[in-house]
Amino acid sequence: MSAPLPSSPPSLAAVVVAAGKGLRAGQPLPKQFARYRQSTVLREAVQNLFDAAVDLICVVIPENSEALVLELLSGLEDSVILTPGGATRQESVRKGLEALAAHNPAQVLIHDAARPHCPAAVVERLTAALRDTPCAIPVLPVVDSMITASGDRMQGKADRDALRRVQTPQAFRFADILAAHRAWNGAPDAGDDAQVAQAAGLGVALVEGDEKLRKLTFAGDFVEEKTPMIRTGTGYDVHRLAEGEELWLCGVQIPHAKGLAGHSDADVALHALVDAILGAVGEGDIGLFFPPSDPQWRGARSSLFVMHAVQRAAARGYAIGNVDVTIICEAPKIGPHRDAMQAELARLLGVQADRVNVKATTTERLGFTGRGEGIAAQAVATLVAI
Ligand code: MG
């Protein structure tokens, strides 16, 4: 993938190194492709650089991962170049710089994909420093005391005041760092690009880093982002009782002097249930999918809405764990219809009947349900990750 050559050179480009670990079937994805905050680590890193005024980004990727990365970065293609990495991080960076060379940017940031957060203020400090020096890197002080060690033995103390923790992105005048990487002939791999720059005789300025730039390293870094196994939603609905209407509750037609008026078949229990399912998976509410203003739902069977909600949940990776529906009315009596209602709910939800509970209560003749003006229903749905 190559972005079109811009009419004027980008002032600030970036190389994002995401080439760590090859992709092999059966292996977990490298951490830069892991899910993170509704997104992925890589997409978050790339998006944050664009938000910090970077114009063009070369992402250095593992062999055979182009299709996956294109999908992860969909919508950003116009400003992203992909290039396969090398055997070492340093070689990967050089390949990224070579891929950017045709675009001739004035400045470049070199960044690790495993640091998804990049405050714009850090990028501002870095590019400001490039006015005076060819390179600038973000650093933080060391807070723990430092020692030197030999195996598992303490050797001596280290001078904490002289030490800094180095982060990325590191910033460079593009032509200088490209030349430095091309000229590198030291050890096979430098610790970072500032070392490559310094070896080429370039001055490196230090600017204040940010704890938000920390590298995701440990499994614990991802724990909070794991999909919850269980999600719960609630629903509540009311419909008016009126003469000349059919009465549908939990998908079962019940003989009664009055029926429920309103949108669709006005099955108040199913409406509460739909809201509970949609609520559990963060899909809004019934009105979003089946607005009362839309004539196509007039008189529609509410069972359609339930099946749609189950499909939305499945698309989000969740199946029904159990549901509990409470119907609140003075009449009709629900008891005689309870088994039929539970069976119908189980059928609509595609679960065993023991995952479904229907119960009823009155309000002691108080309020609109007590006066027989309407029926209310509430529902709780628990969904489990598939
Ligand atoms: Mg309703």
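Keep in mind as you click that the model is predicted.

**Stop 1: the magnesium ion**

Start by selecting the magnesium ion together with Asp237, His239 and His271. These residues coordinate the ion through OD of Asp237, NE2 of His239 and ND1 of His271, at 2.1 to 2.3 Å. Along the sequence, the donor residues follow the spacing D-x1-H-x31-H. Now colour strand β13 and helix α8 (residues 268-280): His239 sits in the strand and His271 in the helix, so this pair ties together parts that are 32 residues apart in sequence. Are these two histidines buried or exposed? His239 has a relative accessible area of 10%, so it is buried. His271 counts as buried too, with 4% relative accessibility.

**Stop 2**

With a relative accessibility of 34%, Val238 counts as partly exposed.

**Stop 3: a cluster of rings**

Next, select Phe289, Phe290, Trp297 and Phe305, which make up one aromatic cluster. Across the whole structure, a search finds four aromatic pairs. One of them joins Phe290 and Trp297: the ring centres are 4.8 Å apart and the planes stand at 90°, so this pair is edge-to-face. Trp297 also pairs with Phe305; here the centres are 5.8 Å apart and the planes are at 85°, so this pair is edge-to-face as well. How accessible is Phe290? Its relative accessibility is 6%, so Phe290 counts as buried. Trp297, at 15%, counts as buried, and Phe305 is buried too.

**Stop 4**

Move to strand β6 (residues 107-112) and pick out His111. This residue is buried, with a relative accessible area of 0%. What does His111 touch? Leaving aside residues up to four places away in sequence, its contacts are Val15, Val16, Val17, Leu49, Cys118, Thr168, Pro169 and Leu213.

One step along, select Asp112 and then Lys215: their side chains meet in a salt bridge, with 3.8 Å from N to O. The two come from distant parts of the chain, 103 residues apart, with Asp112 in strand β6 and Lys215 in the loop between β12 (204-208) and α7 (220-223). Asp112 is buried, at 7% relative accessible area, whereas Lys215 is partly exposed, at 38%.

**Stop 5**

For another one, select Glu283 and Arg312, whose side chains meet at 2.9 Å, N to O. Glu283 lies in the loop between α8 and α9 (286-289) and Arg312 in helix α10 (residues 302-315), so to speak two distant parts of the chain, 29 residues apart. Glu283 is buried, with a relative accessible area of 9%, while Arg312 is partly exposed, at 30%.

Finish with Glu373 and Arg371, a salt bridge whose closest N and O atoms are 2.7 Å apart. Glu373 counts as partly exposed, at 39%, and Arg371 counts as exposed, at 54%.

How values were computed:
Residues are numbered from 1 along each chain as its sequence is written. This is a predicted model: local features need pLDDT of at least 70, side-chain atom pairs count only at pLDDT 80 or more; totals for chains, interfaces and linings use all residues. Side-chain values use heavy atoms; hydrogens and water are left out. Buried means under 20% relative accessible area, exposed over 50%, partly exposed in between (1.4 Å probe, protein chains only). Rings of Phe, Tyr and Trp (its six-membered ring) pair if their centres lie within 6.5 Å; planes under 30 degrees apart count as stacked, over 60 as edge-to-face and the rest as tilted. Helices (H or I, at least four residues) and strands (E, at least two) are DSSP runs, numbered from the N terminus. Contact means heavy atoms within 4.5 Å. Donors are N, O and S atoms within 2.8 Å of the metal (3.2 Å for Na, K and Ca); water is not among the atoms, so sites may look incomplete. A salt bridge is a side-chain nitrogen of Lys or Arg within 4 Å of a carboxyl oxygen of Asp or Glu.
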